[in-house]
Amino acid sequence: MIINKFLGIQDLSPEAKSLLRTFFSFTFINSLLMSISGTFFALNAIDKIGFALTGVMMSVILLTQFIFDYPSGSLGDYVGQRWILTIGYLCFGFGFLVLSMAETFTHFLVIALANGFGNAQFSGAIDTWLDSNYKKVDSIDKDRKIYGYARSQVGTFNNLALAASYMFGGFLSVTFSRQAVFFLQAWFSLILVSFVLLKIKNITIEISKSDVEIPSNGKEEGINSYFAYIKGGMRFMMSSKAAFFLILGIGILTTTWWIWGSLILFPLYYGYSGDDMGANLLRTIIMLNGVPLGLLVSKFSKKISTKNYPLMLLIFLFLFFPAVISLFILVPLENRVNLIGFVATIVIINISVSTIFRTAEILRMRLLVDFVPSEYRNSIYSLIPTITALFGIPLLPIAGQIIDSFGLIAGMAVILTVFSTGFMFITTGTHFMKSGSGVDSLEGQMALKASKKAEVAH
């Protein structure tokens, strides 16, 4: 089968192949239908309410996500990921419907609440579904290299879906209006609900009871069982130095991309292209270039160990931030076509983000498959964006005000500081993992014991 060969999963079991093909289909369809307004979502807010209030709006999104993220992740562990994904799409649909008519800051606050609650449902859900089920059905993938390769290939093909979606959205925006695109986006959200309900189901397989950690004493029912999942995720994070520093570091580092994507990235696209269509063209070229680069990254990632995760982040740090800051200094943004800025943006993002950081992300995903116990996976995967929100809530308005007052270069300095902090925590966490001294509590020992049992069983 062509898809099996493309994903490099020919040697896996039929169940594992089916699982990864479903993930491939979901990722492709989601990107194709849910990204048509992605380029000018933030631009629309900046145009309507300005940088500072857009920062406040993004902070409200994160605050809402912060409140509901971890409870939603625990709910996903309890009832299954398909149901919280459904809730998420319904929230996004409502948010885009309001966005198609939004004019005032009050409207954007309503959108922020809907998006924040939707993000809370989505964060970690599909990754939890994939990782937990993959551990059930895989028996040959040592060090998760096949898994990492397949995830990278999915991301590579996903670039094609994103490119098509961006160009389609840009065409609709120029031909009709941004509001028409937002309205269409609302309907696409409803279409994806049916896909989730039909396809995102857990695999049922007979496993030994000794391979599964029960969330509390005995098999509890109802609300007590749900709260056992809530406590389980937090207990795991606090169970060892490795878990604490790694999860905290990933959460802080992810805050970088909230500030970048909300306040800097799309003004950058617009500043060197001049209009929505040009911004989408620039973004599409970057995505299309990412396809051959992604193929190279997929092959390269199979040859390196997860121990190199911090090293890839360090290379990215010293490459990406100086390059972007230098670009802003040498080629100021003027909201018109600037060929030098246009080409330089493509080169910088493709080399740093599409290649270096993408490799780091593959290593991170491989690392977490076995490090995180499946029993609490959705809770822990939701804990990461909760941490992101905790830091992003105050930082987004601050960054927005700094950009308003001092420009995008000052905003990049904020992002550099946040990224560096996250990197230091991640490096500390991986150090404890390598030294074996990170497990200093009963829960941490139980998590590692469960992971080793699972390896033996497979």
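**Exercise 1. Work out how helix 3 passes helix 5, and what lines their contact.**

Start with handedness: helix 3 crosses helix 5 in a right-handed way, where right-handed means the near helix is turned clockwise from the far one by less than a right angle. Next, sort the residues of that contact: 17 are nonpolar, 8 polar and 2 charged. Here Ala, Val, Leu, Ile, Met, Phe, Trp, Tyr, Cys and Pro count as nonpolar, Asp, Glu, Lys and Arg as charged, and the others, Gly among them, as polar. Then take the geometry: the axes of helix 3 (residues 41-79) and helix 5 (residues 105-122) come within 7 Å and cross at roughly 35 degrees. Those axes are lines fitted to C-alpha atoms over the stretch in contact, with angles from 0 to 180 degrees between N-to-C directions.

A word on the source: this is a predicted model, with local features needing pLDDT of at least 70 and side-chain atom pairs pLDDT 80 or more, while totals for chains, interfaces and linings use all residues. Residues are numbered from 1 along each chain as its sequence is written, and side-chain values use heavy atoms, leaving out hydrogens and water.

**Exercise 2. Is N133 buried or exposed?**

First find N133 in helix 6 (residues 125-137). Its relative accessible area is 1%, so N133 is buried (under 20%; exposed is over 50%, partly exposed in between, 1.4 Å probe, protein chains only). Leaving aside residues up to four places away in sequence, N133 touches L19, N202 and I203 (heavy atoms within 4.5 Å).

**Exercise 3. Describe the backbone and setting of N335.**

N335 isn't a glycine, yet its phi is positive, about 55 degrees. N335 sits in the loop between helix 12 (309-330) and helix 13 (339-371), partly exposed at 47% relative accessible area.

Key:
Helix = DSSP H or I, 4+ residues; strand = E, 2+ residues; numbered from the N terminus.
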